[in-house]
Number of protein chains: 4
Amino acid sequence: MHTAVLRLNSEDKKGIVYNVSKFLYERGGNIIDAQQHTEQLDNRFFMRVHFDRREMQCTKQELKRELDELAAANNMEVEITFNDERKRMAILVSRYDHCLYDLFLRHQYGEINADIVLVVSNHPDLEHVAANFKVPYCCVPIEKSEKESAENKILELFQQHYIDFIVLARYMQVLTPLMVNAYRKRIINVHHGFLPAFKGAKPYHQAYEHGVKLIGATSHYVTEDLDMGPIIQQETVRVNHTHSVEDLVSMGRDVEKKVLAYAVKAHAEDRIMVYRHRTIVFE
Amino acid sequence: MHTAVLRLNSEDKKGIVYNVSKFLYERGGNIIDAQQHTEQLDNRFFMRVHFDRREMQCTKQELKRELDELAAANNMEVEITFNDERKRMAILVSRYDHCLYDLFLRHQYGEINADIVLVVSNHPDLEHVAANFKVPYCCVPIEKSEKESAENKILELFQQHYIDFIVLARYMQVLTPLMVNAYRKRIINVHHGFLPAFKGAKPYHQAYEHGVKLIGATSHYVTEDLDMGPIIQQETVRVNHTHSVEDLVSMGRDVEKKVLAYAVKAHAEDRIMVYRHRTIVFE
Amino acid sequence: MHTAVLRLNSEDKKGIVYNVSKFLYERGGNIIDAQQHTEQLDNRFFMRVHFDRREMQCTKQELKRELDELAAANNMEVEITFNDERKRMAILVSRYDHCLYDLFLRHQYGEINADIVLVVSNHPDLEHVAANFKVPYCCVPIEKSEKESAENKILELFQQHYIDFIVLARYMQVLTPLMVNAYRKRIINVHHGFLPAFKGAKPYHQAYEHGVKLIGATSHYVTEDLDMGPIIQQETVRVNHTHSVEDLVSMGRDVEKKVLAYAVKAHAEDRIMVYRHRTIVFE
Amino acid sequence: MHTAVLRLNSEDKKGIVYNVSKFLYERGGNIIDAQQHTEQLDNRFFMRVHFDRREMQCTKQELKRELDELAAANNMEVEITFNDERKRMAILVSRYDHCLYDLFLRHQYGEINADIVLVVSNHPDLEHVAANFKVPYCCVPIEKSEKESAENKILELFQQHYIDFIVLARYMQVLTPLMVNAYRKRIINVHHGFLPAFKGAKPYHQAYEHGVKLIGATSHYVTEDLDMGPIIQQETVRVNHTHSVEDLVSMGRDVEKKVLAYAVKAHAEDRIMVYRHRTIVFE
């Protein structure tokens, strides 16, 4: 429980691992796991360190400040998160319940290192699911002409519930830049197609038309560019000529749940770093 | 050995299975396997019947003629192939040898119900591979300005060797309509991307740029529309941020071999039917 | 809706497909799909015919009787089921809820061609799940000394609810021969290991000890021989040295759900035939 | 090229990462990648560090000595390997050529960080394959009564060719303890079954009898205990009732190649550590 995660990126140069491990060692931290990655093309170095801070003397505040000094001195970008500050997550849904159920159940099994504290929907249909897991459910209808005001309501709800990140669990509305900006790199979406193929609406119909032999799903961070945000996970499932569009929809549910759950878990455990249009997901 | 494969398609209506099984039964044929498929949207019925003709009295000629009569009477399209008329296959390659080796080895293990009788390439590099398996290798260089005349040479080679179908085993040239027309639905290509994503050149570079988490390969029949012919098989393999473009190329080789071999086997066994832009591949 | 499924097996001989298709044709039936399989070693022929009986004049009773005559005349074993007689299914659970939720949700999406009419458990814990889906939940505690009497109670419940088949959704009790006999080939179990490896208790611990790189799950019909009944489906998921036994348990949940749902769907659609120790599952 | 790999294991305690990174930093080494693993049950810590030693002043000899000192002082087990000392590998085969071809081709594509310098077989059949890739092929027939003397001959060949590790590419002989001891943790075998199921002879026949729905293959280090050495990789492929034993053999070839190649690559790159009966394979 008393652990923390340090993520940094910097130009690749000698001694980064040494400097970071020295920094932690000198303050009584014990490295549980450390992972690195170097983007060869840019000579950019990424590191995630999971460490035990039970025997550290400094406060979180001090640790942060000293880390910032280390970062400034070495021209690194640094971020630290503490496991005892559990993330609070909101789920946006429309009418499909499979991803919602899946997230609730995985949370219940202890698979997700975050709390589901709020469900928001543009429809009233799934209230009973949230009720079943004792989580507040707010219905905020979206009318085309008043989309911004609706999103403002949602943003208020998020602030009120101290939301750290947002999961679009088959939410059938395109977010405005307002929302995207407010939670940059903290909104996770699931697209029911193998991106970058089948962007936009009705990906299963598109897949059927093309006669593909695999259908897929993609989880990604949301950016202004629809269905083009950094990909977190993808999965496919084999189909053949016997499958109708309805079959694809049904088979797709399983992979949608899988890639979304993977992304939510990884985000909750601070295992993702975004660089340009790509994600680094430390396992 | 003395078996035949009957493939038919027609409007879906009562009695097709009965009429076909009656036709074969009355002539002494024994159904080994029969498969059907109905395209719901079009009410189109497809059938493949694999039958034993050892106890049939009629000649192939007679069988064909009588089948044509049955087809005409019932407004069906019919095709029959005989297992003792083994298909003759030509492979077109450029410089990559992995698909070529894979096809030769699978052929040697008896996995492919066809004979590899000719290898043609626009480069001399892979002659030793064909030599190793004792198959003639013809080098026909392709110069941009004289593409048609080069393809005419290749077509001549095909006629000379009685080629039934053609496999592009990472052949790095776009075929002209001349060739495509001459062997319609009989040219199989492998594309090193998950079509319809990543059409055209350098699919692994495209995949890397998009930061996808799965790369794929696709085997398909060749049509005039580049990389858009009916898909026969697709396969993906998981990748992550640690993989460079070179790694993708290397990991892609395995799936390229797999989807191409699948398509070649299915075609050789007359298990594929093409309808509109989609394939029906009976297992 | 007005369709029926005919399953037959017999010695393999000429004319079976013809005789069956003739039988149906003459009575106004229309074959939607027909699949065959021949066990080469035994020369045993299996067939499943899905046909439309809207235009058939005969009653179900007459159809059954005439089929029995056909079967007797040709020395075949025949079984017919009618799609308008939807199967009634009972689920047995203990304390794990993932398979139970999964079955309820798939049923709700229309994926399972049967009704969940009863949940029985040896613990009271999961009543709320059944309640959420409005299905009666009966708790029948099992005490070692009185196992038979407990199972008699359960059997009574089954009769009372006209149960056609039973699904053990991680039910942690070994069934007595009494129960196995009463529902032979109609009890489906999920084992959380890749059978025949890891039979018996604690398969994930066994898998961990062996340092396997894939864990699996198996769905099968229940026989007297524990964990040795005919296998219906299996699935694996990759693991590595970083995964603890708890991780295996968590990762295993997904494959357990998948193989069990596959088996339940196939059984409900009359797509499974059992021959010796093996299953034929028509897709 | 001028890189080295350091593998260590020790009791888990604070400061190991720090001490190792300090050791390398002070000598001018640059960490390219570092991976850790802790076996929770035993509180045992494992680490693999891949580092650049171009700017290191010390000789290999000095580096080794100083590392041994560090290890002794901290009660760690340490092993260091240098990338410019490319491993020399021998392949043992019998009559199946698919794994042999696969290893040669992957080596040719640069996928394997080792040299194939010798092929030994108890049969003369595959000489032409080795010849095709210009590698010496020695035939050492194994007679039951003189197994030890035959293995002595093979061991001599290994010494003569400075062999570092051995790959059994479907070698159909059980090794004697003599050989196993001489190359402990340096003999890699591929078993054509999903171990620990289907140990011993004819695993595909066993799999067929059990009616499994997935067949598999396993690569592992060879120990005295037949088919029970530490597992390196496993893979499965889906099968069904239509597949004969011969089909399983054919489908199994692909997974055998895959798991063996994975193990050979990982071993060649010093990415494997063995602890008790399990392997840690750093990716």
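Let's start with helix H3 of chain B and its buried residues: His98(B), Cys99(B), Leu100(B), Tyr101(B), Asp102(B), Leu103(B), Phe104(B), Leu105(B), Arg106(B) and His107(B). Please keep in mind that this is a predicted model. The helix covers residues 98–108, and because ten of its eleven residues are buried, it is largely enclosed by the rest of the structure. Just past the end of H3(B) you'll find Gly110(B), with a positive phi of about 80°.

So what does H3(B) pack against? One partner is helix H8 of chain B, residues 245–268. In general, two packed helices are described by the angle between their axes and the distance between the axes. Here the axes come within 9 Å and cross at roughly 45°. H3(B) and H8(B) are therefore oblique to each other, and their crossing is right-handed.

If you'd like to find the contact on screen, look on the H3(B) side for His98(B), Cys99(B), Asp102(B), Leu103(B) and Arg106(B). Across from them, H8(B) brings Arg253(B), Glu256(B), Lys257(B), Leu260(B), Ala261(B) and Val264(B). Sorted by class, this contact holds five nonpolar, one polar and five charged residues.

Now let's look at a pair of helices from two chains. How do helix H1 of chain B and helix H1 of chain C pack? Each covers residues 16–26, and they meet at an angle of about 140°, with their axes 9 Å apart. That angle makes H1(B) oblique to H1(C). The crossing in this case is left-handed.

Which residues of H1(B) and H1(C) meet there? From H1(B) we have Val17(B), Tyr18(B), Ser21(B), Lys22(B) and Tyr25(B). From H1(C) come Val17(C), Tyr18(C), Ser21(C), Lys22(C) and Tyr25(C). Together they divide into six nonpolar, two polar and two charged residues.

Last stop: chain A and its domains. The domain assignment gives domain 1 as residues 3–82 and domain 2 as residues 87–281. Their C-alpha centres lie 31 Å apart. How many residues does each domain of chain A bring to the contact? Domain 1 gives nine and domain 2 gives five.

On the domain 1 side, strands E1 (3–11), E2 (30–39) and E3 (44–52) of chain A each supply at least two of the residues that touch domain 2. That side of domain 1 of chain A is made up of two nonpolar, three polar and four charged residues.

Definitions and conventions: Residues numbered from 1 in each chain as written. Chains lettered and ligands numbered in written order. Predicted model: local features only at pLDDT ≥ 70, side-chain atom pairs only at ≥ 80, totals over all residues. Buried ≥ 20, exposed ≤ 12 C-beta atoms within 10 Å, placed from the backbone. Helix = DSSP H or I, 4+ residues; strand = E, 2+ residues; numbered from the N terminus. Axes fitted to C-alpha atoms, helices over the stretch in contact; angles between N-to-C directions. Parallel < 35°, antiparallel > 145°, perpendicular 65-115°, else oblique. Left-handed = near helix turned anticlockwise from the far one by under 90°. Contact = placed C-beta atoms within 7 Å. Nonpolar A, V, L, I, M, F, W, Y, C, P; charged D, E, K, R; others polar. Domains from an automatic or database assignment.
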